[in-house]
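The following note comments on a structure and is arranged as numbered points. Please read each point with the coordinates at hand.

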Amino acid sequence: MGVWQLMMVGGVMLLGLLGVIVPGVPGPWLVWAAVLWWALHVQTGLAWFTLVGATAVLVLDQVVVWLLPARRLRGVGITRRMAAYAGLGAVVGFFLVPVVGAVPGFIGGIYGTERVRLGGHGPAKAATRTVMRAAGTSVLVELMGCLLVVGAWAGAVVMGA
């Protein structure tokens, strides 16, 4: 697979990661479809193993999201800016401290947005807690699953699959 095709697969995965943050966009499906497209073109054992692993992670991820309480977005004050900073914080945290850094990055993005908006630590901490209870946990679980798949794909590409 050529460099341009790998960049396109990575671009679709990036759209999938953004899709997790944006309501109504099928983020996990885009990430999985990108891995499927890559595996169908590469056709190595590592590529098929990556596809099977991605499928298992994303199915388990959807089961966990389904078991969590429903998202209660109305009246909580979740803005697009907050979602963008939370997602950006999760992605940066994921790569700075591999895998586990996504959680503090996500929460830090929410806290930072609320700190700027509300102006103090106490109100920002309370608002962050409210947001995480309302919708943050399910979004974070879905984002972590997609980040794990993207990380596994990137590792497989680097290993030469």
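1. The model is predicted, and local features need pLDDT of at least 70, side-chain atom pairs count only at pLDDT 80 or more, while totals for chains, interfaces and linings use all residues. Residues are numbered from 1 along each chain as its sequence is written, and side-chain values use heavy atoms, with hydrogens and water left out.

2. Thr113 belongs to helix H5, residues 102-118. Helices (H or I, at least four residues) and strands (E, at least two) are DSSP runs, numbered from the N terminus. Apart from residues up to four places away in sequence, Thr113 touches Arg81, Met82 and Tyr85; contact here means heavy atoms within 4.5 Å.

3. A salt bridge is defined as a side-chain nitrogen of Lys or Arg within 4 Å of a carboxyl oxygen of Asp or Glu. Glu114 is buried because its relative accessibility is 2%, whereas Arg117 is exposed because its relative accessible area is 51%.

4. Which helix contains Val149? Val149 lies in helix H6, residues 121-159. Val149 counts as buried because its relative accessibility is 2%. Leaving aside neighbours within four places in sequence, Val149 is in contact with Val31, Val35, Ala54, Val57 and Leu58. The C-alpha atoms of Val149 and Leu58 are separated by 7.9 Å, although the two residues are 91 residues apart along the chain.

5. Ala56, in helix H3 (residues 45-67), is partly exposed because its relative accessibility is 46%. Ala56 and Val149 are 93 residues apart in sequence, with a C-alpha to C-alpha distance of 9.8 Å.

6. A nonpolar surface patch of about 780 Å² includes Val57, Tyr85, Val92 and Leu148 among its residues. Patches are made of residues with over 30% relative accessible area and no salt bridge; like charges are joined within 9 Å, and nonpolar side chains (Val, Leu, Ile, Met, Phe, Trp, Tyr) within 5 Å. Accessible areas come from the Shrake-Rupley method with a 1.4 Å probe; for residues, only the protein chains shown count as cover. Helix H4 (residues 80-96) supplies the largest share of the patch, four residues. Val92 lies in helix H4 and counts as partly exposed because its relative accessibility is 40%.

Methods: Buried means under 20% relative accessible area, exposed over 50%, partly exposed in between (1.4 Å probe, protein chains only).
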